[in-house]
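Reader: Could you take me through this structure, and tell me what each term rests on as we go?
Author: Gladly; here it is.

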Amino acid sequence: MDFFNTIGLNHYLVISAILFGLGLFAIVTRKNAIVVLMGVELVLNAANINLLAFSKYNGGMEGVMFGLFVIVLAAAEAAIALAIVINMYKTFNTVDVSSIDSMKE
Amino acid sequence: MYELPSGAEIQNIVTVLKSSAAYYIPEIYLSVLFLVLILADLIFGPKKHHLLSVTSLIGLVGSLWFIWQQHAIVGQEIFFGMYVVDEFAIFFKYFFVLSGILTVLLSMSSDELNSRVSGLGEYYVLVVGMVIGMVMMASSTDLVMILVSMELVSLAAYVLTGYLKREKRSTEASLKYLVYGAVSSGLMIYGFSILYGLTGETNISEISSVLLSRGYDPVTLMIASIMILAGIGYKVGVVPFHFWSPDVYEGAPIPVTAFLSVASKAAGFALLIRFFYVAVPHGAETGALTPGSEWLLLLMILSVASMIYGNVVALWQKNVKRLLAYSSIAHGGYILLGIIVMDELGTQATLFYLLSYLFMNFGAFLVAVIIANKTGSENIEDYRGLGRRMPLAGAAMTVFLISLVGLPPTVGFIGKLMIFSALLAKGSVFVWLALVGILTSVISLYYYMLIPLNMYLRESKQLLPDTIKTGFLPQLVTACLMLLTLYFGIFFTPLSDFAHFAVTLFGNQLY
């Protein structure tokens with residue numbers, strides 16, 4: 001069983017797919033805004049694992065650079081997201097996404 | 001594993017960066033404007049926001065000159081193929097700067113924004129930041145660059161949407177925009193990573209050539225395509241990635257709504273056109289297994305769904321901003337029609353339609369600003385009897401809405417005519433798409449005309465004064481936009497020539 005003896009590209013991809021699935025699951029099921037954003041981080045990190053794994057097995061540097069940019073963007077997004085969540089808490093006194101629905105058609 | 005670059009290679013990199021910077025002057029200028037605005041805000045304090053708005057207005061107008069200079073140097077790939085200066089990019093540079101200027105003008109007229117107690121410090125800075133991001137979105141030819149510029153637009157847009165932070169609607173809108181935006185950009189990055197894995201390249205024209213020469217697994221590519229389409233579709237606001245748009249459009253300050261509905265949407269379309277025409281390989285044969293045809297089918301479905309959904313749900317909207325949000329979903333569908341034609345005529349029609357949308361949609365939102373300033377409301381009920389009391393605003397709103405429906409003699413009519421004639425020239429299934437477009441336009445007549453109906457034919461329940469004064473600047477801008485909407489509806493040759501000039505795409509393999 002070669003799959004269990006040496007770690008290859010597929011192992012990274014499986015981990016990344018699992019992480020992606022967990023992230024999407026958290027986004028869809030959780031109601032707390034912060035946990036939803038944590039799900040988004042999982043999705044981004046899944047993409048990062050993909051990029052780094054492909055870069056390692058392709059031999060190119062582009063994937064590593066791409067990964068660095070994704071990390072920076074994730075940090076920027078988290079900063080803005082938390083600011084908006086704090087503002088939401090100040091206005092509505094809750095961080096429950098499902099309870100905030102004042103606009104109806 | 002990785003080797004360090006030698007001295008000669010570093011020298012080469014420096015030379016390329018230096019020579020590329022010469023093609024990057026409009027973006028550098030706008031970034032300097034961005035920094036100047038931040039400093040001006042720090043020095044003069046938040047109370048002097050008129051100074052900031054005038055500075056950003058002059059700065060944005062000035063950038064048009066630098067873009068004009070670029071006409072001489074089109075067709076250049078710069079920064080190691082990350083960025084491109086072509087006619088298509090120049091068109092969108094004009095487009096975004098113009099919409100930035102109109103947004104600043106709308107913001108200067110809006111009481112909702114200017115009455116904010118803590119001033120408007122970062123507001124104009126963020127508007128300029130969004131313009132930079134959108135300009136870069138239209139010109140990037142590399143996955144990394146696409147991602148960075150898209151996030152630049154999105155992050156600024158989240159903050160602008162929630163700018164009225166004491167207002168519940170605005171806060172809610174920014175939260176929804178943020179959650180949907182973060183998820184769709186996450187999906188898009190995952191799609192990019194799969195695409196990178198398939199090809200080992202990040203440049204979009206090289207991706208397409210590798211996919212064509214080396215072959216690929218269609219299922220994997222389909223998954224990547226759908227994920228990337230989720231990211232772009234969210235920016236464009238088409239069904240089924242539209243869930244954020246009604247709430248965000250209703251909650252955001254009106255100038256921001258106008259900016260999002262025109263410029264952010266156009267940036268998404270610019271990216272979509274570049275990605276779809278360049279990165280997705282279009283084989284010579286039109287068999288079922290070329291990825292180009294998969295994309296085509298997906299885009300057709302999205303387009304029909306958007307036209308039907310947007311126009312039908314708009315029928316029972318009570319809030320003008322929400323109504324325009326659904327109308328903008330429907331217009332996204334019409335613009336997609338022009339893209340899926342995939343030839344020169346179709347691209348020209350798309351670009352023309354975007355230009356016409358700029359005039360009519362900014363106009364409609366400007367009248368909404370004027371009326372919200374006076375009545376404090378955006379409900380259609382509260383528009384009753386305003387047509388006679390605000391003659392210019394009433395007449396202008398009617399013109400803009402006629403243009404949005406697509407009736408002559410307005411620019412919207414010419415736009416729809418060009419898109420439908422491009423579809424009819426292509427024949428077969430495209431004729432049915434054109435038919436759907438025409439029928440849904442007929443539906444849209446009803447809900448657009450509700451607004452003039454209330455303004456002119458119904459009397460207000462409250463007692464209103466005989467004439468309502470609306471200030472000089474908003475009136476001037478409204479009148480200009482109304483005249484342009486009518487003028488280009490009759491003498492549309494300059495606009496269509498301009499759109500025709502811009503159909504040249506770097507690395508395009510379609511026409």
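**Questions on terms and values**

Author: Let us begin with a helix pair: helix H7 (residues 143–161) of chain B and H12(B) pack at an angle of about 170 degrees, with axes 12 Å apart. Axes here are lines fitted to C-alpha atoms, for helices over the stretch in contact, and angles run from 0 to 180 degrees between N-to-C directions. Helices (H or I, at least four residues) and strands (E, at least two) are DSSP runs, numbered from the N terminus.

Reader: Why are H7(B) and H12(B) called roughly antiparallel?
Author: Angles under 35 degrees count as roughly parallel, over 145 as roughly antiparallel, 65 to 115 as roughly perpendicular and the rest as oblique. The angle for this pair is about 170 degrees, and H7(B) and H12(B) are therefore roughly antiparallel to each other.

Reader: Which residues make the contact of H7(B) with H12(B)?
Author: H7(B) brings B:Ile146, B:Val153, B:Ala157, B:Leu160 and B:Thr161, while H12(B) brings B:Val256, B:Leu260, B:Ser264, B:Ala267 and B:Leu271. Contact means C-beta atoms, placed from the backbone, within 7 Å. By class, there are eight nonpolar, two polar and no charged residues. Ala, Val, Leu, Ile, Met, Phe, Trp, Tyr, Cys and Pro count as nonpolar, Asp, Glu, Lys and Arg as charged, and the others, Gly among them, as polar.

Reader: Before we go on, where do the model and its numbering come from?
Author: The model is predicted: local features need pLDDT of at least 70 and side-chain atom pairs pLDDT 80 or more, while totals for chains, interfaces and linings use all residues. Residues are numbered from 1 along each chain as its sequence is written, and chains are lettered from A and ligands numbered from 1 in the order in which they are written.

Reader: What makes B:Asp497 exposed?
Author: A residue is buried if 20 or more other C-beta atoms lie within 10 Å of its own, exposed if 12 or fewer, and partly exposed in between. B:Asp497, in helix H21 (residues 493–501) of chain B, has 12 C-beta neighbours inside 10 Å, so B:Asp497 counts as exposed.

Reader: And why is B:Phe79 called partly exposed?
Author: B:Phe79 has 18 C-beta neighbours inside 10 Å, and therefore counts as partly exposed. B:Phe79 lies in the loop between strand E1 (76–78) and strand E2 (83–85) of chain B, and its phi is near 50 degrees, a positive value in a residue other than glycine.

Reader: How do you know that the buried residues of H9(B) are on the same side?
Author: In helix H9 (residues 204–214) of chain B, the buried residues are B:Ile204, B:Ser205, B:Ile207, B:Ser208 and B:Leu211. They cover an arc of only 160 degrees around the axis, which puts them on the same side of H9(B); the arc is that of the directions from the helix axis to the C-beta atoms. On the other side, B:Ser213 and B:Arg214 are exposed.

Reader: How do you know that the size of chain B agrees with a compact globule?
Author: The radius of gyration is taken over C-alpha atoms, and the globule rule is 2.2 Å times the number of residues to the power 0.38. With 511 residues, the rule gives a radius near 24 Å; chain B has 23 Å, so the two agree. Buried residues make up 58% of chain B.

Technical notes:
Contact = placed C-beta atoms within 7 Å.
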